[in-house]
Amino acid sequence: MLQPIDLLDWASSPSHLQYNRYVKSGYRPLLSTWGCLQSLFYVHNELFNVYSHGLFALYFMFIVPMQVPWSGITQPLFVYLSCMSAVTVLLGSFCYHLFMNHHGGAPVYSKLLQCDMIGIGVLNLFGPIGCLFVNFYPWGRYCYAILIIYTAVTTRALFKSVTAKDARGRAVPFIPMMLFRGVLLVLRMCGFGSASHAALWHMVAGEIAGVTGAVINILRVPERWLPGRLSDYLLNSHCIHHVCAVTAILNLHWATMEDILWFAN
Ligand SMILES: [Zn+2]
C-alpha cells in the first residue's frame with residue numbers, strides 16, 4: 001500500500017491527538033479534508049477504527065434493510081429507528097476517526113468528538129426502544145411511561161455529554177441511563193412483561209459487549225502492557241472497543257428484530 005506521508009510518533013503528533021500515550025507511533029500529521037480522505041488508502045494507527053465502523057455503517061444502510069421481512073412486521077417504525085440509530089453512531093465514529101487530524105486543529109476535533117457523542121446518544125436513545133415497547137406493551141399506559149422516562153433520561157445524558165469538557169464528563173451522564181436500562185433488563189429476565197426469549201439473550205450479549213468495550217477503552221489495555229507496532233496499529237484498547245461496539249450494535253438490532261417479529265406473530 002502507498003504511504004505518501006511520513007507518519008508521526010506520539011510525542012510529535014498534534015497535542016489534541018495525544019490522548020493515549022501508550023500508542024507510540026502511526027499518527028497522521030495535520031491534513032486537509034482531501035488529505036484525510038486519502039488516508040483511507042494507506043496504513044496508519046486510525047485505519048482499523050475508520051474501516052471497522054465505516055463498513056458496518058454501509059452494512060446497516062444497504063444490506064440490513066434488504067434482510068428485513070417488512071411484510072411480516074406490524075411495527076416497522078422500531079426497525080427504522082434501530083437501523084437509523086446504528087447508522088448514526090457508526091457514521092459519527094467513522095467521521096471522527098477519519099478527520100480527527102484535520103488541519104482545522106483542536107476546534108475541528110472538538111466538533112467531530114461532539115458528532116461521535118451525538119451518535120452514541122442516538123444509539124442509546126433509539127436502539128433499545130423497540131425492545132422496551134414490546135417487553136412492556138402488556139403494561140398498557142405504564143409501558144408508555146417507561147418509554148417517556150427512558151427517553152428523558154437518555155436525552156439528558158446526550159446533551160450533558162455533548163457539552164462536557166473532558167472524557168469523564170462525557171461518560172458520567174450515561175450512568176443513570178445505564179442503571180435504568182439495567183433495571184428494565186433485570187425485570188425482563190425475571191419474567192415481567194412479555195417478549196421474545198431469543199431477543200433477551202441478544203440484549204444481554206449486547207450490554208456485556210458494550211460495557212466490556214468501554215472498560216477496556218478506559219483501562220488502555222493491552223497496549224500499556226504490550227507496547228509495539230501491533231498495539232499501535234491493531235491490538236489496542238480503542239480497536240478492541242470498536243469490535244465490542246459493533247458486537248453490541250448488531251446484538252441490539254437482532255434483539256429488536258426478534259422482538260418485533262415475535263410481537264407481529
Ligand atoms: Zn472510536
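This report walks through a predicted model of one chain, from its overall build to single residues.

## Basis

Residues are numbered from 1 along each chain as its sequence is written. The model is predicted, so local features need pLDDT of at least 70, side-chain atom pairs count only at pLDDT 80 or more, and totals for chains, interfaces and linings use all residues.

## Overall build

The chain has 11 helices and zero strands. Helices (H or I, at least four residues) and strands (E, at least two) are DSSP runs, numbered from the N terminus. Read from the N terminus, the order is α-α-α-α-α-α-α-α-α-α-α. The radius of gyration of the chain is 20 Å, close to the 18 Å that the globule rule gives for 265 residues, so the chain is as compact as a globular protein of that length. This radius is taken over C-alpha atoms, and the globule rule is 2.2 Å times the number of residues to the power 0.38.

Along its principal axes, the C-alpha trace spans about 60 × 35 × 30 Å. Of the 265 residues, 40% count as buried. A residue is buried if 20 or more other C-beta atoms lie within 10 Å of its own, exposed if 12 or fewer, and partly exposed in between, with C-beta atoms placed from the backbone.

Two residues are in contact if their C-beta atoms, placed from the backbone, lie within 7 Å.

The table sets out the lengths of both helices. The expected span is 1.5 Å times one less than the number of residues.

| Helix | Residues in helix | Span, first to last C-alpha | Expected span |
|---|---|---|---|
| α3 | 24 residues | 34 Å | 34 Å |
| α4 | 21 residues | 30 Å | 30 Å |

Helix α3 is mostly covered, with 18 of its 24 residues buried. In α4 the buried residues include Leu112, Asp116, Met117 and Phe126. The buried residues of α4 pack against α3, α5 (129-136), α6 (141-162), α7 (167-171), α8 (174-189) and α11.

Ser110 also sits in α4. Ser110 counts as exposed, because it has 12 C-beta neighbours inside 10 Å. Its C-alpha atom is separated by 29 Å from that of His253, 143 residues apart along the chain.

## Two helix pairs

Helix α3 (residues 76-99) packs with helix α11 (residues 237-264) at an angle of about 175°, their axes 10 Å apart. That makes α3 roughly antiparallel to α11. Axes are lines fitted to C-alpha atoms, for helices over the stretch in contact, and angles run from 0 to 180 degrees between N-to-C directions. Angles under 35 degrees count as roughly parallel, over 145 as roughly antiparallel, 65 to 115 as roughly perpendicular and the rest as oblique.

On the α3 side, Phe78, Val79, Ser82, Ala86 and Val89 make the contact; on the α11 side, Ile249, His253, Thr256 and Ile260 do. These residues divide into six nonpolar, three polar and no charged. Here Ala, Val, Leu, Ile, Met, Phe, Trp, Tyr, Cys and Pro count as nonpolar, Asp, Glu, Lys and Arg as charged, and the others, Gly among them, as polar.

Helices α4 and α6 pack at about 170°, with axes 9 Å apart. That makes α4 roughly antiparallel to α6. Among the contact residues are Gln114, Met117 and Ile118 of α4 and Thr151, Thr154 and Thr155 of α6. By class, this contact of α4 with α6 has six nonpolar, seven polar and no charged residues.

## Around α9

Ala209 lies in helix α9 (residues 197-219). Ala209 is buried, with 20 other C-beta atoms within 10 Å. Leaving aside neighbours within four places in sequence, Ala209 is in contact with Cys244, Thr247, Ala248 and Asn251.

Arg220 is in the loop between α9 and α10. Arg220 has a positive phi of about 60° although it is not a glycine. With 17 C-beta neighbours inside 10 Å, Arg220 counts as partly exposed. Pro222 is in the loop between α9 and α10 (229-233). A cis peptide bond joins Val221 and Pro222, with omega about 10°.

Gly193 is in the loop between α8 and α9. Gly193 counts as partly exposed, with 18 C-beta neighbours inside 10 Å. Not counting residues up to four places away in sequence, Gly193 touches Asn135, Phe136, Pro138, Trp139, Leu187 and Arg188.
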